[in-house]
Amino acid sequence: MTVSSGSAGWYLRRLSRMGPREVGGRAADTARRRLWRRVRPEAPRVTGARFTSALPAGTLATVPPDAAKRLLAEADRLMAGHAEFFGVPRDDLADPDWWYDPKTGRRAPWGYAFDVPYRDEQASGDIKQIWEPSRHQYLTVLASAYALSGNERYAERVAAQLRAWWGANAPLRGVHWISGIELGIRLVSWVWIRRLLDGWPGAAGLFEENPVARNQIWHHQRWLAAFPSRGSSANNHVIAEAAGQAAAACAFDWFPDSARWRTGALRSLDRHLRANTFPSGLNRELATEYHGLVLELGLAAVAEADAARVPVPPTVRLVLLRMTDALAAVVDSHLRPPRQGDADDGHGLVVDGAGTDRWASLLATGDAVFGRLGWWPEVTGTDVRTPLLAALVRPYPKRGSAPAASRPAARPAHFADAGMTILRGPGEIWCRCDGGPHGFLSIAAHAHADALSVEVRHDGVEVLADPGTYCYHGEPEWRRYFRSTLGHNTLELNGADQSVSGGPFLWTRHARSRVLVAEPGGAAEGGTARWSAEHDGYAPAVHRRSVELAAGGGELRVVDEVRGGRGAHAPRPAAVRLAFHLGPEIAAELTGNRAVLTWTRDDEDRSAVLDLPGELRWRAHRGEADAPLGWYSAGFGRKTPATTLVGTGPADGTAPSGEFTTVLRFRG
């Protein structure tokens, strides 16, 4: 059962996942928060502050015209006050209420920041809706529009809104001073706003000559130095904190503590980038969007250090290189990565307009900074961010020159440390098989109960899809569904998830998976690709799954087995539910245990046949809300009905030993 965060039960469960050092650190944080309630100093008085991290001359001229056109169109929409955050349209961005949640109609309460009940939607509204505009990434878009067009109305709007935000959100007061990731990303935005407004006559008066701005920047950095994410929470949040601190301490190095903050932030970024990343380059949270977020934040931090001529630990660049190569390895034929784990549409730096492909942009930046390898997929499309970052980041040493890193000679398909295997076949068939750990650190905050799940795409179309995330706070039944075993393409035993949830970002027992066979090569060359893994989430029973992509790539076979005992507290007879979630573009006609799947790609009709295990009773579900089933979330805060095929039935015999075979055949 999912326990809401903030309840007594949740606090006990959360405490149980902490080690002594983390408990001690959090106790010190609590004492510091009490002290800061009484003592709120002003930023040190500084003179002669200057901004010296402008873009190199000629950089803006290298921005592709179509990328600039998309950006300006987005900026004009923002100037008219229009935006959308997590599926909720807003028309008040010309003069926003910084504490208002348009989704619930509630405003977060005023007061000392650490007293605000931000996890309680009844008291504060949907916190994500309130926090997102105050990352000020829509202001970096407006600042980019000024830089590319020279039209001062964009700069004036940015200045007016920053002054309004600073006036309404005094240090340590209100909802925007609670979470370190928000402060870190906001600092990255402010640095880029200052850089992009550099040609505007009012830029210095807005930032370095403005005591209110200096006070805000100093307090943000003081906060981040005092309250780092610790222990079981040291995931993407600590990366954002370190990246924001490093960026600000490099670009806004106006304070007595700037050098200390900069050194500490780069040291933290180095340590936590390595801790958050497998040696293969995949993010340890096993949540693909956070791979993108961490990579963006890391590149932004390195850009600031290089612009300020501050040495960066070599392992920072090495990890970012490996992350980039790993991203290039796992994307499908349309440059879309897996949809694994949580996703909340978080970005590290936004300077592009709508319609810019995030993953193509990251690969383009990787090409510019690290150099593409021969096996990388071709990157199409353009963006604004790549030429801007590439102008600041020092080029990585090429192969054969020390200290250049060793890089994969061929496209990796099996990532043993992450338990991810990609099977590929002709006709642009792509299949992700999951046999990896259940998330990162003791709470595995962004993990889903998805062991042994698969995703299958054909020419970029999701045929068997991961349904996504949809929400974090405020709708516990939906959070529970999208994280559940039933909410993924895998097998559920006895109505239970493979791993045990203790709250919306807390797992108290983690299923352990191991890969038995990983032979991803072959299908594209006329052989057969194979993968097999098992997990112990239903101990003493074991769920084992084998996947084969046959020679020629037209047939995918999935065999599920339940071995051993029925599992603790299992009812009699043992029951299985096997789910296959179809992508939103797929129509399905189910007859008995056969489903005919149809879709359209590039004005061409496509189809496949899904032969399901005859031992189970099959039903199609779509858009069911009472007990959520049959949904797809394309992005945070958005969901749409999609077809889910669920087979139910008892396992054979008195113990849950059974074998269930599913065959997906593509036509044409």
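Q: Is Cys471 buried or exposed, and how do I read that?
A: Buried means under 20% relative accessible area, exposed over 50%, and partly exposed in between (1.4 Å probe, protein chains only). Cys471 has 3% relative accessibility, so Cys471 counts as buried. Cys433, at 0%, counts as buried too.

Q: What should I know about the model?
A: This is a predicted model, where local features need pLDDT of at least 70 and side-chain atom pairs count only at pLDDT 80 or more, while totals for chains, interfaces and linings use all residues. Residues are numbered from 1 along each chain as its sequence is written, and side-chain values use heavy atoms, leaving out hydrogens and water.

Q: How many disulfides turn up in the whole structure?
A: A disulfide is a covalent bond between the sulfur atoms of two cysteines; here the cut-off is a sulfur pair within 2.5 Å. The search finds 0. For Cys433, the nearest cysteine sulfur belongs to Cys431, 3.9 Å away.

Q: What is the strand order in the open sheet of 4 strands?
A: Strands of a sheet pair through backbone hydrogen bonds, either parallel or antiparallel. Strands are DSSP runs of E, at least two residues, numbered from the N terminus, and two of them pair if DSSP finds at least two bridges between them. Here the order is E10-E17-E24-E21, with antiparallel pairing. E10 (491-493) and E21 (617-622) each have a single partner strand, so one side of each lacks a neighbour in the sheet.

Q: Over how many bridges do E17 and E24 pair?
A: E17 (residues 575-581) and E24 (residues 643-650) pair over 7 bridges. Val576, for instance, has Gly649 in E24 as its bridge partner.
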